[in-house]
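Here are my notes for you to read with the model open beside them. Take the points one at a time and find each piece on screen as you go.

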Amino acid sequence: MPRGVTGPTVRFGVPVGALAFALLLGAIILAIAGNDPIEAYRTMFDASLNGWKSQSRTLALATPLILTGLAAAVAFQMRVYNIGGEGQLYLGAIGASWVGLALPATTPAPLMLSAMLIVGALAGACWALLAAIPKAFFNADEIITTLMLNFIALSVMNWLIFGSRSFWRDPRRPVPGGKRLPENAVMPSISGRLHIGIIIAIVAAVFLWWLLRKTSWGFQIRTIGDSPRAASYAGMSVRVKTMAVLALSGALAAIAGVSEVSGVTKGLEPIALTTNIGFTGIIVAVVARSNPLGVVPVSIFLAAIATSGSRLQSIGINVEVVLLLQGLIFLTVTAGEFFVTNSLSLARTDAAETGPPPATGNGATEIEAAV
Amino acid sequence: MIEATHLEVRNLTKSFYGVPAIDSVNFDLRRGEIHGLLGENGAGKSTLCSVLSGLYRPDSGTVSLGGTPVHFRSPLDASNHGVGMVYQHFRLVESFTVAQNIVLGMHKKQRPRTIRQVESMVADLAEEFGLHVDPTASIWQLSVGEQQRVEILKQLFRGAEILILDEPTAVLAAQETDRLFEAVSTMVAKGHSVVLVSHKMAETMEYTDRITVLRRGVNGGSVTTADTTPAEVARMMFGDSKAAERTNYDAAVEVGDPVLSLTGVSVEGDHGLMAVDDATLMVRRGQVVGVAGVAGNGQRELQEVIAGLRTPTSGTIEIAGTNCTGAGPKKTAQAGLAYVPEDRLGVGLAPGLPLEHNIVLKSYDRSPHSRRGVLSDSEIEKTMNRLIDSFDVRGNRRGMRVSLMSGGNLQKAILARELNEDHQVLLAAAPTRGLDMAAAEAVRSHIIDERATRGVLVFSEDLDEIVKMSDVVLVMFKGRIVGSFTSDELDLDQIGLLMTGSGTPDTATDTSTRARS
């Protein structure tokens, strides 16, 4: 029987159990590789979560992930698959750095940063609309179009810095790079690399949750996501919502780009911006099951695993073992999530016995294993 | 020519989830005959054929071939015993050639070594039976009629002696139908036996040697075609006039102003064919109008065009005096249409979302459920609790997706939502299909209650139900409304004939239900 309602025991017990299981498996691997598991885990904990310094580093890494995770999640809510977060992020970075460089350097910071956010978000939204319009009118598969647009966006950004003497490029630097943003176009730091982008990201998560759960707009998105035919029957316009949701998704991914370019790289730096944050956001959204509030802890968890990696290498653990450990932890916790929504039932299969399938609606999933 | 029994079925029973689809069915097929298998939708024809072709295993009963009991374990096993089925929806690989499709799935030892050999054998077979098709052509290049020939050749190639044709003419044009039956005659002349599944009376009467009727999973009778009449067969299919009396609901209500009228409405189906052809009908306040017909005769398209989900190619639709032609579902609902669609989960309800979401599916954006675009969870819950109580919807748990609720409760939930809206006319499609007796009766009584102040248009494949509930019965066949009867002049024999495409169209047309302008 599929799980209709999930109780708190399952909801929190499964991820904790999965994490414990992953750590146990990881300990065996570390022992085989000749390392001390206890020392390795203490190092991981120290590097990512123990003390404000480690915590702020983890949060800094989580900031753009939250935003790209939200971008993917809002589209998933309507079963639209925006794989173009990466490209939309670049567009956000390009748009925001243009505003930061074009406005007078003396523009007050709040005004400057707001303008960068708005223009960056608009650039990302328009980029997403390039895929949304063909989808809405000709049913062009958005998975393909958004993915392809990533490569175009990457080429545009590379061309602006490496291939031309564009407005963004700093002609005085010997190695091609972007012009540095003026002081007022840089997001104020909270602590070290952590900047106010984290606040924007968390506010965005709460706002999105509210938008999807508590407004009639979100009601329509959830209905369309569950059953487009039921939505049409109730008089909702699937076409308009498809465009709106993809534009919103593109805008959120672009804000991740704004946050990175303004708070971290402080200029359009293609190499520093191409770290697959857009793609990782998709994984975040999947693990968070498209819940905007779930995106925040999942991003932080993923960022914590990532920040601990370099420290593990410094205590002499082989880089392959580190990657293996990271992958193992993430995979196990993700797999555990799967069993929160799906239950396993064993069914005998009989070659000639293929009666009509039971009437489970879409979304009701049941895994049957043949024995 | 007709000799001994080729295939014999005795007391065959097959149930799904405890509900028998066929119950102690007997059937026998003589060598060299064309045997028509008739019945309404859900009468058990497909289940019987699926057992004969090895797709299902029966719960009890026997199937014998030439006197020897057989137990097919798979369609391949049935095929090895010489039983082949041609499905209504073809099972062909579009990008493969005819010859490739014909040997697809055959064991190495059973098929010729090269595709050239297959092609020449297929060509010979095609010549022999008059099933002309190019063995080297790809499936996607062929017409529907040619594709059907490929399906038949596939079975003949595998040595089928018994061919089950599942509604073979449903997809064919008239000319192709003639060619198909020529080929079928050749087959039986060569000693093959054919089971023709159909619900078209005319072709069954014309081409078959004998007819077996299934009715609600049991035998409705077997007759020799030459000794029977369409009227007798229709009676076997739909029951006799005395069986289905109009249920004695409250005495007739005063009939008032029209709440739904269609004038000359035509609609294109999904494949560009005319699905509804010049439909004119009227529902007045105080009336239940029932539309009878075998599924697939344009009922779904007609429902959708009334609900605003399709745009008619011609004609006008008025709801309570408002012109709603092509107005879209939202405006149509606002004009006063409550709509219970055929498809409960997926159209009527969003299956993965909870009841509180579904109960306000059409009123979520209005006060009190939302104000300035912000939903009020407490108001929505109030509405849900009120409707759960008044419509006796059971089995809901907070936050549970509705797909886990039973069919009867789902239908009550849809009715609750639709009847809670301001409306003038209720459009209900297959409102009791698949429901248990108690739930079906509850749904029927809600529909009848509507008649007191509003109008109802109800579609059902169950003729008994239509007759029980309706003040006026319309019959649909091939997209046309071919008959209209008031409750006091009901002629079930005539309705049965019209439903199967025979009988004289437009007899007993009641002018009060046909708006002529």
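1. A quick term before we start: two strands count as paired if DSSP finds at least two bridges between them. With that in hand, look at strand E6 (residues 83–86) of chain B, which is joined to E7(B) by four bridges, the two strands running parallel. Keep in mind throughout that this is a predicted model.

2. Stay with E7(B) and look at its other partner in my notes. Strand E8 (residues 193–198) of chain B pairs with E7(B) over five bridges, again in the parallel sense. A handy landmark here is B:Leu165: B:Val86 stands opposite B:Leu165 in E7(B), and B:Leu165 in turn stands opposite B:Leu196 in E8(B).

3. Is strand E7 of chain B enclosed or open? Five of the five residues in this strand (residues 162–166) are buried, so it is largely enclosed by the rest of the structure.

4. Next, move along chain B to an open sheet of four strands. Their order is E12-E11-E14-E15 (chain B), and the pairing is antiparallel. Which strands sit at the edges? They are strand E12 (274–284) and strand E15 (322–323) of chain B, each of which pairs on one side only.

5. Something also lies against that sheet. Helix H9 (residues 299–306) of chain B packs on it and touches E11, E12 and E14 of chain B. The direction of H9 makes about 60° with that of E12(B).

6. Now zoom in on one pairing within the sheet. Strand E11 (residues 258–268) of chain B and strand E14 (residues 314–319) of chain B run antiparallel and are joined by five bridges. To find your place, look for B:Leu262, which stands opposite B:Ile317 in E14(B).

7. The axes of helix H13 (residues 407–420) of chain B and helix H14 (residues 437–450) of chain B come within 10 Å and cross at roughly 15°. That angle makes H13(B) roughly parallel to H14(B), and the crossing is left-handed. On the H13(B) side the contact is made by B:Gly408, B:Gln411, B:Lys412, B:Leu415 and B:Leu419, and on the H14(B) side by B:Ala439, B:Ala442, B:Val443 and B:His446. Sorted by type, the contact residues are five nonpolar, three polar and one charged.

8. Over to chain A, which has 14 helices and four strands. Of the 371 residues in chain A, buried ones make up 45%. Contacts deserve a look too: taking those in chain A between residues at least 6 apart in sequence, 77% join residues at least 24 apart.

9. Finally, a helix pair in chain A. Helix H3 (residues 52–76) of chain A and helix H7 (residues 197–214) of chain A have axes that come within 9 Å and cross at roughly 25°. Why call H3(A) roughly parallel to H7(A)? Angles under 35 degrees count as roughly parallel, so H3(A) and H7(A) qualify. Their crossing is left-handed. The contact residues include A:Leu59, A:Ile66 and A:Leu70 of H3(A), and A:Ile198, A:Ala201 and A:Leu208 of H7(A). In this contact you'll find 10 nonpolar residues, two polar and no charged.

Notes
Residues are numbered from 1 along each chain as its sequence is written. Chains are lettered from A and ligands numbered from 1 in the order in which they are written. This is a predicted model: local features need pLDDT of at least 70, side-chain atom pairs count only at pLDDT 80 or more; totals for chains, interfaces and linings use all residues. Two residues are in contact if their C-beta atoms, placed from the backbone, lie within 7 Å. Axes are lines fitted to C-alpha atoms, for helices over the stretch in contact, and angles run from 0 to 180 degrees between N-to-C directions. A residue is buried if 20 or more other C-beta atoms lie within 10 Å of its own, exposed if 12 or fewer, and partly exposed in between; C-beta atoms are placed from the backbone. Angles under 35 degrees count as roughly parallel, over 145 as roughly antiparallel, 65 to 115 as roughly perpendicular and the rest as oblique. A crossing is left-handed if the near helix is turned anticlockwise from the far one by less than a right angle, and right-handed if clockwise. Ala, Val, Leu, Ile, Met, Phe, Trp, Tyr, Cys and Pro count as nonpolar, Asp, Glu, Lys and Arg as charged, and the others, Gly among them, as polar.
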